[in-house]
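Dear colleague,

Please read them with the model open beside you.

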Amino acid sequence: MMRKAVIFVSDTLHAVIRRLSVAAIVVMFCTVMLQVIARYVFSSPPVWTEDVARYMMVWTGLLGATLSFKTKTDAVLLASVFPDRPNVLGYMADALHTLAVLVFIVPILWYCFFDLRGQFGRGFLGRQSTLVADTLGISLLWIVAVVPIAMLVILIHLCAHWARDGLRSAELEPGK
């Protein structure tokens, strides 16, 4: 039951993030086009368009990373070398892949919330919340919030990957 819930959450997040990524690309494209037209037609581009396009590019990139992780279109060498999971080498490749993902993501999540001394609220997000984007006048927290969001979504996708494999192996066992 828990496995199916994790898979459902992962699939739902994937669908929502796909829509958010498309929206971020559309906003990025529209602001770049506005900037180009305003610069070359009116010789006076709005100052905020470059920042909005840059921030949307960051959101698109990190949200896109979660999409490619879920669909296994990211650069995963081990999965292509050992595609058959039922054998020992396939499981070892999956375990090594999981370890690499955790080694990358866990410190990022930790330092989003905690500083070097382990104080909560003084990490990356806490420091960004005190800064304001010059041209937009909003807290940088709204811009960098995608970092922990993307990392958490990748962790959920990783859990769903293992849950999906567990369901497959349970379905293959006779008597279950």
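R54 and D51 are three residues apart in helix α2, and so are separated by about one helical turn; helices here are DSSP runs of H or I with at least four residues, and strands are runs of E with at least two, numbered from the N terminus. Please bear in mind that this is a predicted model, in which local features need pLDDT of at least 70 and side-chain atom pairs count only at pLDDT 80 or more, while totals for chains, interfaces and linings use all residues. Residues are numbered from 1 along each chain as its sequence is written, and side-chain values use heavy atoms, with hydrogens and water left out.

The side chains of R54 and D51 form a salt bridge at 2.7 Å from N to O, where the term stands for a side-chain nitrogen of Lys or Arg within 4 Å of a carboxyl oxygen of Asp or Glu. D51 is buried, its relative accessible area being 12%, whereas R54 is partly exposed at 37%; buried means under 20% relative accessible area, exposed over 50%, and partly exposed in between, with a 1.4 Å probe and protein chains only.

R54 also meets E50 in a salt bridge, with 3.2 Å from N to O. These two residues, R54 and E50, lie four residues apart in helix α2 (residues 48-70), and are therefore separated by about one helical turn. E50 counts as partly exposed, at 42% relative accessibility.

By the rule given above, the count comes to five salt bridges. One of them joins D11 and R164, whose closest N and O atoms are 3.2 Å apart. Because D11 lies in helix α1 and R164 in helix α7 (residues 146-172), this pair ties together parts that are 153 residues apart in sequence. Both partners are partly exposed, D11 with a relative accessible area of 33% and R164 with 26%.
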